[in-house]
Amino acid sequence: AAPALVSMPQALPLLRSLLSTPESASTHCEAATCVANVAYAVTQSATLLDAEALVPLVAPLVGCLQSSSFRTQTQAAIALCNISAIADCRIAVLQAGALDALVNIANSTHQDAQEASQRAIDAVTKSLTPNSRRVYLRAQRPSRSAGKASNRRSPLTSDKTGRAQSWVSPLAQ
């Protein structure tokens, strides 16, 4: 196999820089996609990288959720979802204020961004107690008409092992 041009620990500060600079939405989108892929790889192989190394990327990703580009929002939500699948990183995502931004995107009109943010919300809220999840999410959702059924998945769902699920972006395929 060909050697990597940049090692994983060297790549993370570069990605943080790309996410933090006032570049174009496409730069933020591509950097968020890279972070999503790295976080997914870490969930698959604990020896690849210390999960704590992803924590400095959380705040810039939360900033990308405020982008006017739905593509950037989608990729940032996917990255946060994958980072939140790592139990040691979930608290950092909560502390960075990601939930409020993710709930706003979940209530947007763009379907891919809605789906990505809902999956991220599901992963992030794994650290909350079931009652806390229900209370928080109920307070953040717009009120619905009485008697109207919701087809949203419960934030309490997970895979069969009880772990938060990682998600591979349809844009990365």
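Visitor: How many residues does the chain have, and what share of them count as buried?

Guide: Of its 173 residues, 40% count as buried. Buried is under 20% relative accessible area, exposed is over 50%, and partly exposed lies in between (1.4 Å probe, protein chains only). The model is predicted, so local features need pLDDT of at least 70 and side-chain atom pairs pLDDT 80 or more, while totals for chains, interfaces and linings use all residues. Numbering starts from 1 along each chain as its sequence is written, and side-chain values use heavy atoms, without hydrogens and water.

Visitor: Which elements make up the chain?

Guide: Helices (H or I, at least four residues) and strands (E, at least two) are DSSP runs, numbered from the N terminus. This chain has eight helices and zero strands.

Visitor: Which residues of helix 5 are buried, and what covers them?

Guide: In helix 5, residues 87-95, the buried ones are Cys89, Arg90, Ala92 and Val93. Their cover, read from contacts (heavy atoms within 4.5 Å), includes helix 3 (58-64), helix 4 (70-84), helix 6 (98-106) and helix 7 (111-124). After helix 5 comes Gly97, with a positive phi near 80°.

Visitor: How many disulfides are there?

Guide: A disulfide is a covalent bond between the sulfur atoms of two cysteines. The test is a pair of cysteine sulfur atoms within 2.5 Å, and the count is zero.
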